[in-house]
Amino acid sequence: MSDHKHLRWQTLPATPAPLANFKGQHAQINGCSLYYAVGGMGENTVIMLHGGMANSDYWGLQAAFLAQTHRVILVDSRGHGRSTLGDKSLGYHQMAHDVARLMEHLEISKASIVGWSDGGVQSIILAATYPDKIARIFAYGPHMSLAGLNTQCGDNPVVDAFMKRAEQDYKRLSPTPDQFGTFYKDVWSLWQWQRDALFTEDQMAAIRCPAWIVDGDRDEMINRSHLDYLAAHIPDASLMLLPDTSHFAFLQAPELFNAALKDFLSVQ
């Protein structure tokens with residue numbers, strides 16, 4: 001019998017340290033101070049968007065890998081990490097709009113989007129809303145409505161560990177470290193009160209760039225059938241499941257995750 005304590009999908013490895021060779025800075029975008037970090041080199045740009053309650057440091061292992069061949073931009077979403085909430089409420093469409101405006105600020109005409117969880121949601125919104133700006137999307141563990149979420153996931157020990165880490169990270173990184181309680185409520189409201197779909201089937205059908213819907217085969221937060229639904233309604237989208245991983249595969253199996261990214265970015 002296997003020792004369940006050693007199954008990688010039941011672990012939450014440490015968050016990578018900030019990348020020393022990525023230059024972090026802020027831009028005033030849509031009424032907030034948006035943090036981003038730029039590194040790497042190459043003709044093509046990849047923008048990496050993290051999940052709810054997290055920050056861009058989670059992408060460290062992937063950013064270092066992709067920076068060998070691409071220009072990589074890490075973003076702390078509005079209200080997350082080192083970014084301020086600003087004068088607008090937290091919302092998926094607002095965060096996606098922030099990314100589009102950041103691209104204009106940095107004079108990036110087109111980029112590939114790698115998004116995890118809430119960042120994956122943003123990638124789909126961006127592809128549907130700004131087709132001329134988005135080259136391709138790699139959406140890891142996304143959803144489009146409350147039906148896609150396992151609302152009981154808070155009882156999972158990996159998710160519980162993530163939430164505890166999120167509080168520590170927020171107090172360490174945020175410009176408003178004493179407001180974690182408000183931040184927590186705002187993000188949970190995003191997750192639990194989605195009575196309407198975040199985007200329609202018609203909007204998904206309008207996506208024309210290459211799109212991969214990706215997840216771990218042990219994801220504790222996203223319902224598997226929902227991934228099938230998303231992949232079926234985005235034209236020519238591909239569905240990939242990474243073995244023995246959960247919602248946090250980029251930490252649990254970084255080499256596997258990086259290989260998938262390399263393959264995704266090389267598809268013509």
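Predicted model: local features only at pLDDT ≥ 70, side-chain atom pairs only at ≥ 80, totals over all residues.
Let's start with the strands. Eight of them make up an open sheet with mixed pairing, and the order across it is β1-β2-β4-β3-β5-β6-β7-β8. At the edges sit β1 (23-29) and β8 (238-242), each of which pairs on one side only. Going from one strand to the next, the twist averages 20°.

As a reminder, strands of a sheet pair through backbone hydrogen bonds, and they can do so parallel or antiparallel.

## Around β4

With β2 (residues 32-40), β4 (residues 71-76) pairs in the antiparallel sense, over six bridges.

With β3, the story is parallel: five bridges join β3 to β4. On this side, Met48 stands opposite Leu74 in β4. How much of β4 is covered? Most of it, with five of its six residues buried.

## α2 against α3

Next up is the meeting of α2 with helix α3 (residues 118-129). Their axes come within 9 Å and cross at roughly 70°, so α2 and α3 count as roughly perpendicular to each other. The crossing of α2 past α3 is right-handed.

Which residues make the contact between α2 and α3? From α2 come Tyr92, His93, Met95, Ala96, Val99 and Ala100, and they meet Asp118, Val121, Gln122, Ile125 and Leu126 in α3. By type, the residues of this α2 and α3 contact split into eight nonpolar, two polar and one charged.

## α4 against α5

The other helix pair is α4 (residues 157-173) and α5 (residues 180-192), whose axes come within 10 Å and cross at roughly 130°. That angle makes α4 and α5 oblique to each other. Here too the crossing is described as right-handed, with α4 passing α5.

On the α4 side, the contact involves Met163, Ala166, Glu167, Tyr170 and Lys171. These meet Phe180, Phe183, Trp188 and Trp191 in α5. Sorting the residues of the α4 and α5 contact gives seven nonpolar, no polar and two charged.

## Ser117, tucked into a loop

Finally, a look at a single residue. Ser117 is found in the loop between β5 and α3. Is Ser117 buried or exposed? Its relative accessibility is 8%, which is under the 20% cut-off, so Ser117 counts as buried.

What does Ser117 touch, leaving aside residues up to four places away in sequence? The list is Gly51, Tyr140, Gly141, Pro142 and His247. Phe248 is worth a glance as well: Ser117 and Phe248 are 131 residues apart in sequence, yet their C-alpha atoms are 9.5 Å apart in space.

Terms used: Residues numbered from 1 in each chain as written. Heavy atoms only, no water. Pairing = 2+ DSSP bridges. Helix = DSSP H or I, 4+ residues; strand = E, 2+ residues; numbered from the N terminus. Axes fitted to C-alpha atoms, helices over the stretch in contact; angles between N-to-C directions. Parallel < 35°, antiparallel > 145°, perpendicular 65-115°, else oblique. Left-handed = near helix turned anticlockwise from the far one by under 90°. Contact = heavy atoms within 4.5 Å. Nonpolar A, V, L, I, M, F, W, Y, C, P; charged D, E, K, R; others polar. Buried < 20%, exposed > 50% of the residue type's maximum accessible area, 1.4 Å probe, protein only.
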